[in-house]
Amino acid sequence: MLGEIAASLIPEPESHGTTVFLDPMCGSGTSLLFAKSLGWAVVGLDTNPLALLISTVKMKAGSAELQPAARVLANIRARYGNARPESREGVLDNSQLLRYWFWPSSLRDLVRVRIAIDECGLEAFEGELALLALSRTVRHVSKADPEVVPPTISRRRRAAFPIRPPSVWGAFATNLSRMMDTASLKRLEELPKVPCTVMQGDARELPLRARSVDAVLFSPPYGNAHDYIRSTKLEQLILKLCTSGTLQKQSLRTIGRRRSGLQRFEKPRPTGVRECDNFLESLSRRSVECSRHMRLYFLQMACVLRDVHRVLKHDSTATVVVGDGTSQHLRVPLGFLLTKIAERQGFRLEETPLANRIVSRRFMTKRNRTAGVIEWEWLLRFSA
Ligand SMILES: C[S@@+](CC[C@H](N)C(=O)[O-])C[C@H]1O[C@@H](n2cnc3c(N)ncnc32)[C@H](O)[C@@H]1O
């Protein structure tokens, strides 16, 4: 979500540090940061551990003392020299996937940096910053094009393949110095000191009491437009935020992911929301499989909206940012359909939805022959 959107949609809290703002699918924490800057007590959830690491760092920035970057780097470097990945890292022997995406020496050096971060006894926040810097390094030293999500060996990347693999330590050191400079910005220190909670969880089962939240803003996955697990897999494996086993569990909890287990040719059952069922009927004439995936997405989003409604105080607002897409060349009017699902869960649409033209194309690449680029997103404001 763009910062400008979050800034324009989050209201002033009634009192500092006690009124609760929730983003149940917080991703990299843009909305959390803007809510914090206004003085809300913030709660963020996501299924993806890399998203949580980014959000956690954003929430802590400005509120913890940091050593100078040079000292932190020297500390990690001292361990890096002696780190021996072969002796303890199954990741190097087992993961065919990693061997495909990295030059062998880059893979070894990435793992050495991670071992060094683990072992050099940094303060918690410095350790998190170092891991985040390492996650930023992963793509730049891989064979994947860092500008494309998910990992892709593009023509541009192939043309620019270096003769020798890029220096992992050099890229990591630059990233960490930059991040530590940003995390020490005076502006961040001046942000209100409010309670911030970022946790791994499923937005369909929020670990919050009924009627305990004063405002919600979130941007759910846009149908199955983007695969959040695949696009962060390399970083998660290198950082040891997951193993191939836990990745599987994560992906089952992640909404909008295409599931290979869905019966291909069985006609999808209705969702119970007329507008969604009419749409699924049209889609199933083009592809039964796509229609089944979209149905699953609608049902999952109904669970999310039901639980958001449960935790939200009466008459408080939930704002949803979502873009219309295409599937099998058929327009998916997701803003309209999610409005109907939200109304079924007890929400009222407050005003005419606003539309925003998406300026960043990074996540919005054309996915396949029959699914176009998402160009607009809706800003839907509901009251509970
Ligand atoms: C469109 S992104 C959110 C982007 C975020 N607003 C930002 O500014 O970075 C959707 C997020 O939903 C998360 N997600 C998907 N299924 C989820 C679930 N069941 N519970 C919680 N989060 C989920 C994904 O991991 C992803 O980070």
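**Helix packing and ligand surroundings in a predicted model**

Helix α4 (residues 69-82) and helix α11 (residues 168-183) pack with their axes 10 Å apart and at an angle of about 150 degrees. Axes are lines fitted to C-alpha atoms, for helices over the stretch in contact, and angles run from 0 to 180 degrees between N-to-C directions. Helices (H or I, at least four residues) and strands (E, at least two) are DSSP runs, numbered from the N terminus. The angle therefore makes α4 roughly antiparallel to α11; angles under 35 degrees count as roughly parallel, over 145 as roughly antiparallel, 65 to 115 as roughly perpendicular and the rest as oblique. The structure is a predicted model, in which local features need pLDDT of at least 70, side-chain atom pairs count only at pLDDT 80 or more, and totals for chains, interfaces and linings use all residues. Residues are numbered from 1 along each chain as its sequence is written.

The crossing of α4 and α11 is right-handed, a crossing being right-handed if the near helix is turned clockwise from the far one by less than a right angle, and left-handed if anticlockwise. On the α4 side, A69, V72, L73 and Y80 meet W169, A173, L176, S177 and M180 of α11, where contact requires C-beta atoms, placed from the backbone, to lie within 7 Å. By class, this contact of α4 with α11 has 8 nonpolar residues, 1 polar residue and no charged residues. Here Ala, Val, Leu, Ile, Met, Phe, Trp, Tyr, Cys and Pro count as nonpolar, Asp, Glu, Lys and Arg as charged, and the others, Gly among them, as polar.

For helix α3 (residues 49-60) and helix α9 (residues 124-140), the axes come within 10 Å and cross at roughly 130 degrees. This makes α3 oblique to α9, and the crossing is left-handed. L50, L53, I54, T56, V57 and K60 of α3 form the contact with F125, E128, L129, L131, L132 and S135 of α9. The contact of α3 with α9 comprises 8 nonpolar, 2 polar and 2 charged residues.

The axes of helix α16 (residues 288-311) and helix α17 (residues 334-344) come within 9 Å and cross at roughly 50 degrees. That makes α16 oblique to α17, with a right-handed crossing. F298, M301, A302 and L305 in α16 meet L337, L338, I341, A342 and R344 in α17. In this contact of α16 with α17, 8 residues are nonpolar, none is polar and 1 is charged.

Around the ligand there are 22 residues, of which M1, M25, G27, T30 and A203 come nearest; a residue is near a molecule if its C-beta atom, placed from the backbone, lies within 6 Å of it. The elements giving two or more residues to this shell are α2 (30-38) and β2 (41-46). The shell divides into 10 nonpolar, 8 polar and 4 charged residues.

Overall, the protein contains 17 helices and 10 strands. Its C-alpha trace spans about 65 × 50 × 35 Å along the principal axes.

Key:
Two residues are in contact if their C-beta atoms, placed from the backbone, lie within 7 Å.
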